[in-house]
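Please work through the following exercises with the sequence and the coordinates open beside you, and try each task before reading its solution.

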Amino acid sequence: MSENELSTLLEEVRNYLDITWDDPKGDEKLIGMIKRGMASLSGVLGECDFLGDTQEKALLFQMVMYERSGERQQFWINYKSEIISLQIAKKVDEYAEDQKQTV
């Protein structure tokens, strides 16, 4: 992800969290949370689109909110079913794509 894309994502997260004040140190923390969240979700889901209006992006925003509150572990508990359904959907899409290529 480019710096420009990360900067755009940071602004979207700040808006989502209703952070309207300038806080460079806070932004550094948020960027770290965003990067860790993207790595965690990509590790569980595979390739993710965090730039478009996707379910992965919504999960990322929620994860950042939970981590900012010191409750990151609770995120995995609360969103387990949504994550599992997204994993299944991605596997179905992969299978369908493989079937197209073999025909």
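Contact here means that heavy atoms lie within 4.5 Å of each other. Helices (H or I, at least four residues) and strands (E, at least two) are DSSP runs, numbered from the N terminus. The model is a predicted one, in which local features need pLDDT of at least 70 and side-chain atom pairs count only at pLDDT 80 or more, whereas totals for chains, interfaces and linings use all residues. Residues are numbered from 1 along each chain as its sequence is written, and side-chain values use heavy atoms, with hydrogens and water left out.

**Exercise 1. The chain as a whole**

Solution: Then turn to burial, where buried means under 20% relative accessible area, exposed over 50%, and partly exposed in between (1.4 Å probe, protein chains only); 33% of the 103 residues count as buried. Finally, consider the contacts between residues at least 6 apart in sequence, 52% of which join residues at least 24 apart.

**Exercise 2. Helix α3 and its cover**

Task: Work out which residues of α3 are buried and what covers them.

Solution: First, α3 has 14 residues and reaches 20 Å from its first C-alpha to its last, close to the 20 Å expected at 1.5 Å a residue, where the expected span is 1.5 Å times one less than the number of residues. Second, because 10 of these 14 residues are buried, α3 is largely enclosed by the rest of the structure. The buried residues are E56, K57, L59, L60, F61, Q62, M63, V64, Y66 and E67, and their cover includes α1 (3-16), α2 (24-45), α4 (72-78) and α5 (80-102). Third, look at Q62, which is found in this helix (residues 55-68) and counts as buried because its relative accessibility is 13%. Leaving aside neighbours within four places in sequence, Q62 is in contact with Y16, F75 and Y79. Last, α3 is followed by G70, whose phi is positive, near 80 degrees.

**Exercise 3. The nonpolar core**

Task: Identify the residues with the most contacts inside the largest nonpolar core.

Solution: A nonpolar core is a set of buried Ala, Val, Leu, Ile, Met, Phe, Trp, Tyr and Cys residues joined through side-chain atoms within 4.5 Å. The largest has 24 residues, and those with the most contacts inside it are L30, I34, L41, L59, L60, V64 and F75. To this core α1, α2, α3 and α5 each supply at least two residues. Taking L41 as an example, and leaving aside neighbours within four places in sequence, its contacts are G46, C48, F50, E56, L59, L60, M63, F75 and W76. In soluble globular proteins, nonpolar side chains tend to be buried together.
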